[in-house]
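Here is a short briefing for a first look at this structure. Keep the model open while reading the points below.

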Amino acid sequence: MENENKKILDVKDLKIQIKMDEGLLTPVRGVNFSVYENETLGLVGESGCGKSLTCKAILGINGKKAHASGNIDFYKDGEVMNLLDLKPDGEKIRSIRGKQISMVFQEPMTSFSPLFTIGSQMTETIRLHITKDKKEAKEIAIDMMKKVGISNAEKRFTQYPHEFSGGMLQRALIATSLVCHPRLLIADEPTTALDVTIQAQILELMQQLQKDYGMGILYVTHDLGTVAKICDRVIVMYLGKIVEMASVRDLFHNPIHPYTRGLIGSVHKIGGKKERLFSIDGTVPLAMNLSDVCGFEDRCTSKCEACKGCEPELTEVSEGHFVACYRGAEFANGGQKNV
Amino acid sequence: MSEVILKVNNLCKYFDSKGVTIRAVNDISFEMEKGETVGIVGESGCGKTTLGRTIVGAYVPSSGSAEYRAADGEVYDLSNIDKKKMKELRKEIQMIFQDPYSSLDPRMTVFDIISEPLKANFKLKKEEIEEKVKFIAEKVGLKTEFLKRYPHAFSGGQRQRIGIARALVMYPRLIICDEAVSALDVSVQAQVVNLLKDLQKDMDLTYIFISHDLSVVEHISDRVGVMYLGRMVEYADTASIFEKPMHPYTEALLSAVPIPDPDMNNERIPLAGEIPNPANPPKGCPFHTRCRYCTEKCHTEVPEFREREKGHFVACHLTDTSMIKGIVKPKEGM
């Protein structure tokens with residue numbers, strides 16, 4: 001992908017393993033991608049495909065049980081540092097978390113502590129990273145609250161989370177995460193818990209703020225509608241691996257991997273024909289004791305002989321369009337698709 | 001012509017909390033025919049769930065009636081019925097809940113969960129129960145060896161199948177699906193939606209499908225009701241609601257739905273402000289504070305919910321609705 005924007009993040013061969021009583025779980029099995037400034041990168045997949053773990057690994061907040069290997073290179077003022085090398089509770093990562101890279105979580109209701117006012121929780125970040133002065137911190141916070149469209153910000157500043165509606169609280173959370181003007185915003189299903197009307201407002205808000213600050217956004221979701229609306233590039237994950245990566249137009253107009261095609265096919269389009277929805281048979285296997293074959297093999301409708309061998313690599317089939325499928329090139333060149 | 005199975009007349013459900021009355025369901029009327037699916041959409045807090053629960057009799061309505069034509073051909077008013085009869089009718093009216101994780105008792109096996117309604121309502125022999133449970137389990141796509149397991153061993157989609165089996169084992173006629181697929185991943189959602197449609201054909205079921213996901217509602221419903229702040233603002237067949245809506249709220253709601261096609265995202269019609277506090281709804285039309293076509297009349301008078309075109313009910317003062325836009329149809333072959 002030709003990209004004039006600066007690279008912010010480079011994830012290389014990221015693997016995450018979790019020791020369980022039943023054995024070793026590998027929810028993320030070698031993921032490679034980059035995020036650039038001014039770009040929104042979508043990360044799509046079903047629950048359990050490892051998308052949230054990947055995001056949390058970037059910030060080093062997966063907890064001690066999850067062991068991550070590989071590289072997460074963060075580019076900052078010409079310097080490169082591997083975030084995985086940093087101590088998860090060390091000073092260095094703490095100076096990045098919230099300031100350089102921040103995250104918006106799925107549930108605004110549980111992301112704030114009910115015991116403190118919104119204002120005190122917002123200024124916590126500001127006083128840690130920007131200024132020690134309480135008054136100045138308050139001004140910055142209120143300014144940011146106004147930017148994200150919270151009316152009556154001065155009053156809202158002193159209120160507790162229970163006095164906010166879901167949409168307003170998500171705005172407050174976005175305000176908190178953006179207050180230090182991060183270079184990378186990780187948004188983990190930020191609108192899933194919200195109504196469509198509020199979801200649309202929040203998405204437009206994020207697009208506007210991206211224009212203002214030029215940050216990169218890593219947008220995690222399983223909703224293909226929002227992906228089509230706001231993303232520039234999209235990564236599709238299945239069973240801890242990237243199965244397809246393409247620009248948003250390529251992905252929707254020419255999906256190649258059978259899993260991607262299944263996902264897109266299973267969404268009903270309003271106004272479209274009311275035929276039976278396509279559904280992918282079976283369920284996602286548990287990421288434990290996996291064999292070497294392609295992870296999607298037993299659910300795939302287009303499998304061939306080669307699929308029984310080792311897992312396919314992610315390869316470029318057309319410019320900027322990567323697929324991990326043995327029949328990728330064939331499908332890309334107009335081969336018959338079963339979906 | 002199909003018979004009317006449910007006729008809701010001016011149904012109201014008010015809750016009193018700390019001296020404030022919240023009109024969760026306010027003067028709702030609609031009717032539905034046997035074998036059809038009626039979708040109920042609206043933002044959170046608009047009263048869709050309360051409407052569903054009032055219809056099944058989980059809440060006693062404050063006023064109004066819900067006339068249900070039972071299997072014996074008699075019409076009963078569910079809002080005013082003696083307990084014994086209600087218990088009988090509950091067999092015919094079942095509910096499927098939103099969250100497959102919290103609606104199943106983790107200490108019961110799948111068999112116990114599915115058989116519980118049978119044990120509570122009928123005196124059956126053990127073998128008969130077993131036979132019925134197995135039959136239903138197979139119908140919803142659960143293997144019989146799964147019956148001995150506990151809910152924790154299942155994925156979200158499988159759990160929702162258990163919830164569906166529990167509702168179906170009574171051979172109901174009317175099922176209220178309250179956000180039945182909202183918690184599921186898209187591909188699993190498709191499986192469950194297909195299952196619900198198959199079962200409807202198979203067992204002659206009538207659904208009330210409550211959801212905030214407009215694309216699923218459009219797919220599954222024959223008719224759709226749009227709710228706002230406890231009131232039904234529009235009720236019509238699905239195609240009319242989506243292609244020729246007549247209420248400004250429906251228009252705004254439709255324009256906010258993200259379309260899974262990067263080239264097609266339409267101009268959103270912004271809704272000013274937030275949904276008003278239901279304890280203190282605006283005077284006049286409840287939607288007038290956010291409506292872009294608002295006129296003087298809307299501030300003072302509550303619009304009547306009336307039939308504007310055949311089968312198309314709207315509660316709005318606008319006389320000319322030609323500027324209200326529906327969805328943009330996707331191109332063919334997509």
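The centres of domain 1 and domain 2 of chain A, taken over C-alpha atoms, lie 29 Å apart. This is a predicted model. In the domain assignment of chain A, domain 1 covers 7-237, and domain 2 covers 256-332.

**Where the two domains touch**

- Eleven residues of domain 1 of chain A are in contact with ten residues of domain 2 of chain A.
- On the domain 1 side, strand β2 (residues 23-36) of chain A gives the most, with five residues.
- By class, that side of domain 1 of chain A has six nonpolar, three polar and two charged residues.

**The four-strand sheet**

- Strands of chain A form an open sheet of four in the order β2-β1-β4-β5. The pairing is antiparallel.
- β2 and β5 (79-82) of chain A stand at the edges. Each has a single partner strand, so one side of each is left without a neighbour in the sheet.
- From one strand to the next, the twist averages 10°.
- Strand β4 (residues 66-76) of chain A is joined to β5(A) by four bridges, and the two run antiparallel.
- Phe74(A) has Met81(A), in β5(A), as its bridge partner.
- Helix α1 (residues 51-59) of chain A packs on this sheet. The helix touches β1 (7-20), β2 and β4 of chain A. The direction of α1 makes about 110° with that of β1(A).

**The eight-strand sheet**

- Another open sheet of chain A has eight strands, in the order β6-β7-β8-β3-β9-β10-β12-β11. Its pairing is mixed.
- β6 (101-104) and β11 (315-318) of chain A are the edge strands. Each of them pairs on one side only.
- The twist of this sheet averages 20° from one strand to the next.
- Within chain A, strand β9 (residues 233-238) and strand β10 (residues 241-247) pair in the antiparallel sense, over six bridges.
- Met237(A) stands opposite Ile242(A), which belongs to β10(A).

**A pair of packed helices**

- Two packed helices are described by the angle between their axes and the distance between the axes.
- In chain A, the axes of helix α4 (residues 118-129) and helix α7 (residues 166-178) come within 8 Å. They cross at roughly 20°.
- That angle makes α4(A) roughly parallel to α7(A).
- The crossing of α4(A) and α7(A) is right-handed.
- From α4(A), the residues that meet α7(A) are Ile118(A), Gln121(A), Met122(A) and Thr125(A). From α7(A), they are Ala172(A), Ala175(A) and Thr176(A).
- The contact of α4(A) with α7(A) has four nonpolar and three polar residues, and no charged residues.

**Where chain A meets chain B**

- Between the chains, 34 residues of chain A are in contact with 33 residues of chain B.
- On the chain A side, the elements that give two or more residues are α8 (196-213), α9 (224-230), α10 (248-253) and α11 (258-265) of chain A.
- The largest share of this side comes from α9(A), with five residues.
- By class, the side of chain A that touches chain B has 13 nonpolar, 14 polar and seven charged residues.

Technical notes. Residues are numbered from 1 along each chain as its sequence is written. Chains are lettered from A and ligands numbered from 1 in the order in which they are written. This is a predicted model: local features need pLDDT of at least 70, side-chain atom pairs count only at pLDDT 80 or more; totals for chains, interfaces and linings use all residues. Domain bounds come from an automatic or database domain assignment. Two residues are in contact if their C-beta atoms, placed from the backbone, lie within 7 Å. Ala, Val, Leu, Ile, Met, Phe, Trp, Tyr, Cys and Pro count as nonpolar, Asp, Glu, Lys and Arg as charged, and the others, Gly among them, as polar. Axes are lines fitted to C-alpha atoms, for helices over the stretch in contact, and angles run from 0 to 180 degrees between N-to-C directions. Angles under 35 degrees count as roughly parallel, over 145 as roughly antiparallel, 65 to 115 as roughly perpendicular and the rest as oblique. A crossing is left-handed if the near helix is turned anticlockwise from the far one by less than a right angle, and right-handed if clockwise. Two strands pair if DSSP finds at least two bridges between them.
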